[in-house]
Amino acid sequence: MTERAEKALRLGTRRSKLAMAQSGQVAEAVTRLTGRPVELVEITTYGDTSREHLAQIGGTGVFVTALRDALLAGEVDFAVHSLKDLPTAQPDNLVLAAIPRREDPRDVLVARDGLTLDRLPSGARVGTGSPRRMAQLNAYARSHGLRIETVPIRGNIDTRVGYVRNGELDAVVLAAAGLNRIGRIADVTDFLSVDAVLPAPGQGALAIECLSANADLAATLAELDDPHTRAAVTAERSLLAALEAGCSAPVGALADLLADGQVVHEMRLRGVVGTTDGSTLVQLSTTGPVPTSHDDAVALGRELAAEMLAKGAAGLMGERAL
């Protein structure tokens, strides 16, 4: 075996249990692909150490910048991000080499006593750090005659679920994908329908990033790419970018493929933006041919964003990241 084949690839990852689980799964896939060992290099990001709420510290990029700095400094060969954490503008010197097949994009409820969203008691305290989730949960409650209080929280999955376990909150809302990846999906008491709560753009998808100049590695990693996932999340992120919103803004989006039997023929993109109290939502969707290029996917997102802006979405973006 040559020395080159034995040299470990260095994968930059955040230190959280979820990030380590996600990165570990990617590392195994890259080893299967290349025959080379992959070592995880743990990196602490500003978003991990700051105790402020994400909306206050800008949201976009707070979990990403330190990983990208490590890539640019040559300390790691590639990095794994939760796609929903990535700013929508991609730096020229870095490439999203692969977006693997997406996990379940839905949000889920972890509630006391096995409660579902529609069974929450009057005045239930529901924890989430996301203005997007607050807007849609409050809108759902208003339209169904429920009275809930959304409570801003931070922390990892264990911390958030702990608020329910210790009785501080009646429920918390999390991403299904994260719970799946750390083997905690059994904690879920309700999978939230995307008709009630649209996920964050890119939710459930991972992004594998490396230096644009490292063409050989980029080509290798590209074998982990899922074209349908890439088209869907590109449309969702294009919508987000066209609304000029950071990941702390109350924007939800989901692109899904519509099929007749086994034949996929169209992509539907749904978007929502709202005030965090749920009093006003702009929710629209558009359907078109499955994008066959990056530009087609971007166009689908921009088209829906333009319609949403025409319906008053701009006035609802109070939590815009500066």
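Contact here means heavy atoms within 4.5 Å. On that basis, residues 24 or more positions apart account for 71% of the contacts in the protein with a separation of 6 or more. The model is a predicted one, and its secondary structure comes to ten helices and 13 strands. Of the 322 residues, 52% are buried. The accessible surface comes to about 14200 Å², with 49% of it belonging to carbon and sulfur atoms.

Start with the open sheet. Five strands make it up, in the order β7-β6-β8-β5-β9, and their pairing is mixed. The edges are taken by β7 (148-151) and β9 (190-191); each has a single partner strand, so one side of each is left without a neighbour in the sheet. At the β9 end, strand β5 (residues 107-111) pairs with β9 in the antiparallel sense, over two bridges. Leu-109 has Asp-190 of β9 as its bridge partner. Helix α5 (residues 131-143) packs on this sheet, where it touches β5, β6 (124-127), β7 and β8 (171-175). The direction of α5 makes about 175 degrees with that of β7. A further helix, α6 (residues 157-165), lies across β5 and β8 and runs at about 155 degrees to β8.

Another strand pairing involves β1 (residues 9-13) and β2 (residues 38-42), which run in the parallel sense and are joined over five bridges. Within this pair, Leu-9 has Val-38 of β2 as its bridge partner. Four of the five residues of β1 are buried, so this strand is largely enclosed by the rest of the structure.

Now for the charged side chains. A search of the whole structure turns up 21 salt bridges. One of them joins Asp-170 to Arg-112, with the closest N and O atoms 2.6 Å apart. Asp-170 sits in the loop between α6 and β8, and Arg-112 in the loop between β5 and β6, so the pair ties together parts that are 58 residues apart in sequence. Asp-170 is buried, at a relative accessible area of 14%, whereas Arg-112 is partly exposed, at 30%.

The side chains of Asp-158 and Arg-184 meet in one, at 2.4 Å from N to O. Asp-158 belongs to helix α6 and Arg-184 to the loop between α7 (176-181) and β9; the pair links distant parts of the chain, 26 residues apart. Both partners count as partly exposed, Asp-158 with 34% relative accessibility and Arg-184 with a relative accessible area of 21%. Then there is Arg-165, which forms a salt bridge with Asp-187, the closest N and O atoms being 3.5 Å apart. Arg-165 lies in helix α6 and Asp-187 in the loop between α7 and β9, so this pair ties together parts that are 22 residues apart in sequence. At 52% relative accessibility Arg-165 is exposed, while Asp-187, at 17%, is buried.

In soluble globular proteins, nonpolar side chains tend to be buried together. Here the largest nonpolar core has 19 residues, and those touching the most other members are Leu-239, Leu-243, Met-267, Leu-269, Val-273, Leu-304 and Met-308. Two or more residues each come from α9 (227-242), β11 (251-260), β12 (263-274), β13 (281-289) and α10 (294-310). Helix α9 gives the largest share, five residues. Leaving aside residues up to four places away in sequence, Leu-304 touches Leu-239, Leu-269, Arg-270, Gly-271, Leu-284, Ser-285 and Thr-286. Another core lies apart from this one; it has 18 residues, among them Val-30, Ala-97, Ala-98 and Ile-208.

Technical notes. Residues numbered from 1 in each chain as written. Predicted model: local features only at pLDDT ≥ 70, side-chain atom pairs only at ≥ 80, totals over all residues. Heavy atoms only, no water. Pairing = 2+ DSSP bridges. Axes fitted to C-alpha atoms, helices over the stretch in contact; angles between N-to-C directions. Buried < 20%, exposed > 50% of the residue type's maximum accessible area, 1.4 Å probe, protein only. Areas by Shrake-Rupley, 256 points an atom, 1.4 Å probe, with all protein chains shown as cover. Salt bridge = Lys/Arg side-chain N within 4 Å of Asp/Glu carboxyl O. Core = buried A, V, L, I, M, F, W, Y, C linked by side-chain atoms within 4.5 Å.
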